[in-house]
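Here is a short briefing to read alongside the model.

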Amino acid sequence: MSVRAERRAGPWGVLGVALAAQVGISVIDQGIPTLTGFVKADLGLSAATAGLAVSAFAFGKIFGSYAAGVAADRLGERRVLVFGGLATAALVAVAVTMPIAGLFLLLVLAGVAGAASTPAGGRLVLLAFPRNRHGLALGIRQTGIPIGGLAAAALLPWVAHAAGWRWSLVVAASVTAALVVPLALARIDRDRELGVAAAASSRSFVRDRNVRLLTLWGCLVVSGQYAVLAFLALDLHRSAGLTLAAASLLVALANASGIVGRVAWGALSDRALARGRKPLLLVLTGAGLAGSMLLLATPRSAPTVVLAVVAALVGVALIGYQGLWVTMVAEAAGPDRVGAATGFAITFVTMSIALSPPLYGAVADAAGTYRAIWAALAGVLALAFVPAALIRER
C-alpha cells in the first residue's frame, strides 16, 4: 500500500470532515436570525425590513440548492462543498462592510453558495458508507445543522453585544472558513465517482415517484419544525406563564432532542433495513402527529417537567426527521443523481420553511391563541401520511 493510500480518509474520517463543514456553514445560516434585534436597533430599521435582511441568506438557498446538487454530481461533491463554504464565509465577511442594500444582496449570494452544504455534503457521506450504514452516517451529518445553530445562539449574540453585530458576522465567517479547511486538506478516495456525470445526465430523477413523494413529505413535516422553533416559546410564555427565557430553554431542549432524533431514526432504519425504511417513516410521522396533539392537549398548568417531556418528544420527531428523510431521498435517486435530487428536495423544503412561520402565525392571529397552531399542525401532519404511504421502496 502506498503512502498516499495510507493517508486517505476512511468512511468515518470523511464523515468527520463533512460534519465539520456542515457545522461551519450552519453557524452562519442559523446564526444570522439570532442577530435580528441587533441589526434592527443599529440601522434603525422597521421590524419588516430587519426581518427581510436576516432572511436574505435563506432566500439565497432557495436558488442555490438544486444548482449545487447538480454541480456536486458532475464536478465532485468535495470541490463544490469546499468552494461553497469558503465563498459563503468570504461573502459574509464583505457584506458586513456594506449599507443595507449591499448587505442584503451579498447575504443572498452567500445563501446561494451555502446551499451546497446539504446536497454536496450528503453525497460525500453517502458514497463513503455501505447502504446498511447510510441512515446512521447521514443522520450524524445532519446533526451539523442544529449543532451549528446551538453554537451560533451561544456565541454570536454575545459578540454582537460586546462589539456589534457586524463583528459578530465576521466571527461567524471565520468559524465557517476554519471548519471547511479540514475537508479541503483531507485525502478522499474518489474512484467511485468515475462516469458519474454521464450517468447523471441520462436519467431524470424528477420523474422518480419516490423522490417527489419524499419532497412533499419533507415540506409538510418541516413546517412542524419551524412552528415549534418560532411559536412554542411564545405559546408557553402567554398560556403557561413562563418567562420568555424559561420557555426558550424548552425550545432549546426540543432542538437538543432533535439532534438525538436525527441519529436515532437513521440508525434504527439501518437495523431494520431488511423491511425497508418506509415503515419507520410512517412511525416517525405518527410520532410527530402525537407530539402536535400533546402540545394541543397538555394543560398549561401542568408542571414544567411535563412540558419539558412534551417538548423533547416533539423535537425527536419534528426536528429529528432529517436523518431518515435525507437517507431515503438519496437512496431513491441513486448515487449518480443524489446531489441533484437532494438539491431539488431542499429547494422546496426551504420554500416551506419560508412560508410556515407566517402561515402558522396567521392561524394564531385568527384564533386569538397560539394553541391553534398545534391543531393546524396536527392536520398538516395527518396529511403527511398520504405521501409516506404512497412510497414504493425498491
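Predicted model: local features only at pLDDT ≥ 70, side-chain atom pairs only at ≥ 80, totals over all residues.

A search of the whole structure finds two cavities of 30 Å³ or more.

**The largest cavity**

- The largest cavity holds about 60 Å³ of space.
- Its lining is made up of Ile 32, Leu 35, Val 39, Ala 53, Val 54, Leu 103, Leu 107, Trp 165 and Leu 169.
- Helix H4 (47–54), helix H7 (100–114) and helix H11 (165–185) are the elements that give two or more residues to this lining.
- Sorted by class, the lining of the largest cavity has nine nonpolar residues, with no polar and no charged ones.

**The second largest cavity**

- For the second largest cavity, the volume is about 50 Å³.
- The residues that line this second cavity are Leu 232, Leu 236, Leu 295, Thr 298, Arg 300, Leu 307, Val 310 and Ala 311.
- Two elements, helix H13 (209–239) and helix H16 (304–318), each give two or more residues to the lining of the second largest cavity.
- H16 supplies the largest share of that lining, with three residues.
- By class, the second largest cavity is lined by six nonpolar residues, one polar residue and one charged residue.

**Helix H18**

- H18 covers residues 338–367, which makes 30 residues.
- At 1.5 Å a residue, H18 should span 44 Å, and this agrees with the 42 Å that separates its end C-alpha atoms.
- There is a bend of about 35° in H18 at Ser 356, and a proline, Pro 357, follows within four residues of that point.
- After H18 comes Gly 368, which has a positive phi near 80°.

**Ser 269**

- You will find Ser 269 in helix H14, which runs over residues 244–271.
- Is Ser 269 buried or exposed? Ser 269 is buried, because its relative accessible area is 1%, and buried means under 20%.
- Once neighbours within four places in sequence are set aside, Ser 269 is in contact with Gly 135, Arg 277, Leu 280 and Leu 324.

Conventions: Residues numbered from 1 in each chain as written. Heavy atoms only, no water. Expected span 1.5 Å × (residues − 1). Bend = angle between axes of the 7 residues up to and from the residue. 1 Å grid on protein atoms, 1.4 Å probe; cavity = no way out; pocket = protein on both sides within 12 Å on 5 of 7 lines; lining within 4 Å. Points joined across faces, edges and corners; volume = space filled by probe spheres on them. Nonpolar A, V, L, I, M, F, W, Y, C, P; charged D, E, K, R; others polar. Buried < 20%, exposed > 50% of the residue type's maximum accessible area, 1.4 Å probe, protein only. Contact = heavy atoms within 4.5 Å.
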